[in-house]
Amino acid sequence: MTDQRAARIARLIKPLRVKPGSKVNLAKDFDPGYKAGYVKKKDASQIMRNGIAMLCDYQARLAAQDRYGVLVCLQALDAGGKDGTIRHVMSGVNPQGVHVTGFKVPSAEELDHDYLWRYARHLPARGDIAIFNRSHYEEVLVVRVHPENLDRQKLPEDAKGDGVWRRRYREINDWERYLTDNGFRLVKMFLNLSEEEQRTRFFKRLDLPEKNWKFSAADVRERQRWDDYQEAFSQMLSATSTPWAPWYVIPADHKWFARLCAAAVLVHTLIDIDPQYPRVSQERHEQLLLVKGELEAQAPEGAPADPFAARQATKAGAAHARASEKAKASPPAT
Ligand code: ATP
Ligand code: MG
């Protein structure tokens, strides 16, 4: 069953993966309206629920094993749906094991350091999932589209110039390789929105009073640089989708499908890590048996020696009885 699910997830996300070394032309290669054959939200809702349940289970194991960490990087254009994706995909997980950091315009303190400094401070610990809502990729996106951001970074003269973006791609790839080699896996997702769907979502923020607070005139100004962003995203995807940290381009025009894909990409990475609950040593196991014996001896008159095992047996018996009732009520079709 689990193997079947893993295969289905792998099939779903394969077309979204940016092949390392390929040259991406975002507009031509990825359709923001793609739905992989699903027609409506409800067609995918059971699969989404399964995905969230799997995520919850894997996260518990990741935390218990305490060996690997996962860093999810979410990039999108404005109104791409990053916040909603995080809210839905992470809805079933233990909040103690997940840390979300949003990256805005850098502060004076952040500008006083190398450009990766502020991101490194929020990397996950082993056992944790960290989510970057915008990430170090802003350093080759907004900073590239608006070069005045680069001026503010106070770089020495010879660290600027023409080769700066190619150098940053290399540095980012090296940094991610270092993290991966040391047990921290990256899950990089770009929510790919169409220009018309972005316009619709801006109208939603203008037309609905409860959404007015989300409207930003700056977002509409950024929209005028649409082509420049498409170019910056295309180059970034081409240069930084690596075998150790590939990019996934998530079709984002249908929010429900984007969330399904985002959950699938994350679960796929966790399946690959395959974290396991730690097993206790033989010596420790024997100690546990001794304690068990002592506790059993403390059972009050009439109480089961192991009340937990007794409760489990009752539950299993009840489930079995329900299943046979159901089978009797609806005999298999011949
Ligand atoms: P929301 O969905 O709530 O609008 P947001 O991620 O867009 O979330 P904002 O506060 O609206 O958050 O915007 C953050 C701004 O910070 C963006 O315009 C982004 O381009 C900018 N930003 C992020 N990183 C950098 C950076 N390294 N240099 C310059 N600007 C940056
Ligand atoms: Mg914004």
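User: What am I looking at, and how are things numbered?
Analyst: It's a predicted model, where local features need pLDDT of at least 70, side-chain atom pairs count only at pLDDT 80 or more, and totals for chains, interfaces and linings use all residues. Residues are numbered from 1 along each chain as its sequence is written, chains are lettered from A and ligands numbered from 1 in the order in which they are written, and side-chain values use heavy atoms, with hydrogens and water left out.

User: Back to strand 5. How many of its residues are buried?
Analyst: Five of its five residues. Buried means under 20% relative accessible area, exposed means over 50%, and partly exposed is in between, using a 1.4 Å probe and protein chains only.

User: Which residues sit on each face of strand 5?
Analyst: Trp 247, Val 249 and Pro 251 are on one side, with Tyr 248 and Ile 250 on the other, and they're all buried.

User: How do strand 4 and strand 5 pair, and over how many bridges?
Analyst: They run in the parallel sense over five bridges, with strand 5 spanning residues 247-251. Two strands count as paired if DSSP finds at least two bridges between them.

User: How many residues of strand 4 are buried?
Analyst: Eight of its nine, so to speak mostly covered, across residues 184-192.

User: OK, switching to the ligand. Which residues come nearest to ligand 1?
Analyst: Lys 82, Lys 104, Arg 118, Arg 134 and Glu 139, out of 15 residues around ligand 1. A residue makes that list if one of its heavy atoms lies within 4 Å of the molecule.

User: What about polar contacts?
Analyst: Those are pairs of N or O atoms within 3.5 Å; within protein, one must be able to donate a hydrogen and the other to accept it, and residues adjacent in sequence count only if both atoms are side-chain atoms. For ligand 1, an oxygen atom is 2.6 Å from a side-chain N or O atom of Arg 134. Another contact puts a ligand 1 oxygen atom 3.1 Å from a side-chain N or O atom of Lys 82. Val 105 uses its backbone instead, with an N or O atom 3.2 Å from an oxygen atom of ligand 1.

User: How much of ligand 1 does the protein cover?
Analyst: 76% of the 640 Å² of accessible area that ligand 1 has on its own. Those areas come from the Shrake-Rupley method with a 1.4 Å probe; for residues, only the protein chains shown count as cover.

User: How many salt bridges does the structure hold?
Analyst: There are 18. The criterion is a side-chain nitrogen of Lys or Arg within 4 Å of a carboxyl oxygen of Asp or Glu.

User: Why are Asp 181 and Arg 177 separated by about one helical turn?
Analyst: Because they're four residues apart in helix 9 (residues 164-181). Asp 181 counts as exposed at 56%, while Arg 177 is partly exposed at 39%.

User: Which residue does Lys 328 form a salt bridge with?
Analyst: Glu 325, with the closest N and O atoms 3.6 Å apart. Both lie in helix 15 (residues 307-329), three residues apart, about one turn of the helix. Lys 328 is exposed, with a relative accessible area of 64%. Elsewhere, salt bridges that share partners join Asp 57, Arg 61 and Asp 274 into one network.

Technical notes. Helix = DSSP H or I, 4+ residues; strand = E, 2+ residues; numbered from the N terminus.
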